[in-house]
Amino acid sequence: MAARISFSQYRLEAEIERCRGECQWDKIPGLVEQLISARIHEDDDYGNLLLAEALLEECLLENTSQLESSTALEETNQPKLRKAKELLSSILNRGKLQPRYLTEALLLLAKLYYVQGCYRDAQGMCDRVGFEDMAMEEQPLYHIRLLAEAFVIKGLSLERQEVSAASRVRLSEREEESLSCYLKACSSELLYLQELDKTLSTSHSKSVKNNVPSMEFELSFFQQAALQSAYLSMLRKGNVAQGVQQLRQVLRAVDTRGSQSFRKAAARKLAGALLSMVSEDSYWSPLTPLPPDWLDRERIVSLRDSCHYPLRAPHQYSGDSLFCPQDTVEEAVLLLLISESMANRDAVISRAPEQQEARSNSLQDATSVYDLLSIAMARRGQYTMLSECLERAMKFSFNEFHLWYQLGLSLMACGKGASAVSVLRECAKMRPSDPAIPLLAAKVSIGQLHWLEEGEAFARQVLDMGEQAAEFLPRAHLAVGLCYSLQATDASLKGSQDEFNRKALESLKIAHSLDPDDPQIALYLSLQLALVRQVSAAMEPLQRALNLRNDDLHSLHLLCLLFSAQKHYQFALDTINLALSQHPDSFSLLFTKVKLEEVLLGPEVALETCQHMLRLWQNSFESTCNSEADEGSSVPELVPPSRATSALHLALPDFQDPETGSQRAPSIAASRLEQAMSEMSVPSSSQKQGPAQVWTTLEHIWLQAGELFVAQGRVKEASFCVQEAGTLYPASYNVLLLRGRLAELQGNAGEAKTLYDEALTIHPQGARILLHLGRLLLRAGRPGLGEKLLRDAVQAQSTSHEAWSSLGEALQAQGSSQAPECFLTALELEASCPIVPFTVIPRQL
């Protein structure tokens, strides 16, 4: 019988230890009743100790928010707290507990004093216990938790006690002692969680067999404080290196199910500290010791030695296969991607009213992770990856403006214009009174997508706000003016062109009158005046734009074009050289310089500039590839095996039409068609990777050099340039056009016509193709068909004096009375014709 009682006592005490270790406080009263009925521990107050602990822990769980805000708990308002204090005081007064349980009672009383705001009494209880000399070997699980909480209670009590004048001398000693307690608390809590995880894993395997659900574990206030207080104290005092190292040590500890939420917060905290406090140059690897400059700056001593930590350390991940980041951003992004995965997993999707607080908390956690991800990935230009992360957040971001707006901005940055417009449209619905959102949508619609009607509609939304739009109102008029200006360029009928130009000029003048100090508005007003050939009038707003921003690339470029339209070529060349001194990598300026040098100094000098462009193109590309390799970019290498080339700063818009310099819709379609045909016709086209703009620029350089050789009559050199350009885009209509001109130069009219016809098939509205084919037919004695093509050329580009002059020749050959009118129009247009079309200036917000 005695053996049976001994076994039941052992089993009951084991169950009590398990419940205390797993914080199952609701089961303690029932177990205490079993103790009483079994007459176990009837000669001491062990049962009262268990009840006091259960009451105290339940009270703390009910008042977590007050503990987090450092609000002291009052006995009058907390019956469980009052009852627990009465039980603990009675236990200590009677003195019937065994020494082991007496220590536990003192630690519980220290916790009670702390939550009541009696920090000195709490510290006194901890000092009375002397727990710092206690080891954790062969201790029950709940005992490790008690010690971890006791360490952090002592540290917090030391930190929050008022410092009198007499004790200021030992303030630094108190801070060191407090930090030592925090470090011990953190290690003890990590060890407790790892041991608890083993226990719960064993229980879970048994519960699976018995179809019993496994228990979920959440950290209490003091357990969270034990894990966080050390690194928070270090960072709060400006000891960045110590705080970062502590966070790294915590995150290297073997993961447990109870530390999931804490690890998410710690990873986010470490990422934030790295991004805001550790520069690229001062970064050190997690597996290397602190650099000397950090040691000198913070006067760091070995924390482990200073703490004299005699306890068993928690297990950490180790091995040769561990990944180790190499720079600040890489480590921060890795941490944030892990946090983002956990935030997505734990997100509360339910819209039920009772889930509102949980949903709000999970959304706040996720938002902080995505904000840090935006900062980190923007430093590496990884906007595509950022947009993919933010897209995953949409499942729990219904009507959450901030995350939607971040997604829209990331889609803009990575070039996904259509998706960006859709997202920004939803953002505008969430904040209909914010004028910045529709203006951003208009910016994408006009610049990236060439959706002019949609861009105008977004700008009209801002105009409808009236005075509420405030400083955004002039920008809205600017957006409307740009839409009209681009529609005028796209229009094929002269009447439509004139109407759109009139509306554009009207909107831009309104914008300039509302904000005369906006240099971009002044620039585009000047450009619109230039487009309608009011060259003299265009000088005044351009001068205003240059006064406001004298180093602006497009303003200087437009000034050069206006000088060339007035036939002041030397002034234009001086201006382009000035602009290049400030923007040496601008290919649009260099292409204009080539044209000016050809007129002023001859093709030989212009060819030297083409050679410089090729060298610049190659050097810029190599530096881009090297920087991407250093940053570990996921972008594949862009170089074909036979070349090392690319441009770092490309000023030309995507798919720019070299005939007019404009980003016209037909030109975009033709360029995409020729790119697709080129990829189909070249087996090795897969080696030519990267942005199409990069390779289109190289094609234009070779074609420009080829035109210069054609002007000199050097057929062999021109053929070489055409061959190089054709290697990039064999089906390019520009390549076919120059091949036709070479065939003409060699006297092969039939071959030239075939090449022109092929180019016209790809780009039916190509004004230069129509011009050369019309001239060829005119010289071949077919003025009727030549007139038809030349009229199409005039319709495609109504400001081309060459097309009007050739049309006059065709009409004159047929004896038409309209020929003089065409010649007069050609003379009038030539008088104000720039060296390259004004439309090379990109029109975008």
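Hi everyone. Let's begin at glycine 117, which comes after helix α6 and has a positive phi, near 85°. Please keep in mind that we are looking at a predicted model.

Now step back to the helix itself. How many of the residues of α6 are buried? The count is 14 of the 17, so α6 is largely enclosed by the rest of the structure.

Next, let's visit another helix. Serine 157 sits in α8, which spans residues 141-160. Is serine 157 buried or exposed? Its relative accessibility is 0%, and buried means under 20%, so serine 157 counts as buried. And which residues does serine 157 touch, if we leave out those up to four places away in sequence? They are Tyr114, Tyr119, Ala122 and Gln123.

Last stop: back to phi angles. We started with a glycine, but two other residues deserve a look. Asparagine 399 has a phi near 60°, a positive value in a residue other than glycine. You can find asparagine 399 in the loop between α17 (383-392) and α18 (401-413). Then there is arginine 533, with a positive phi of about 65° although it is not a glycine. Arginine 533 lies in the loop between α24 (519-531) and α25 (535-548).

Technical notes. Residues are numbered from 1 along each chain as its sequence is written. This is a predicted model: local features need pLDDT of at least 70, side-chain atom pairs count only at pLDDT 80 or more; totals for chains, interfaces and linings use all residues. Side-chain values use heavy atoms; hydrogens and water are left out. Buried means under 20% relative accessible area, exposed over 50%, partly exposed in between (1.4 Å probe, protein chains only). Helices (H or I, at least four residues) and strands (E, at least two) are DSSP runs, numbered from the N terminus. Contact means heavy atoms within 4.5 Å.
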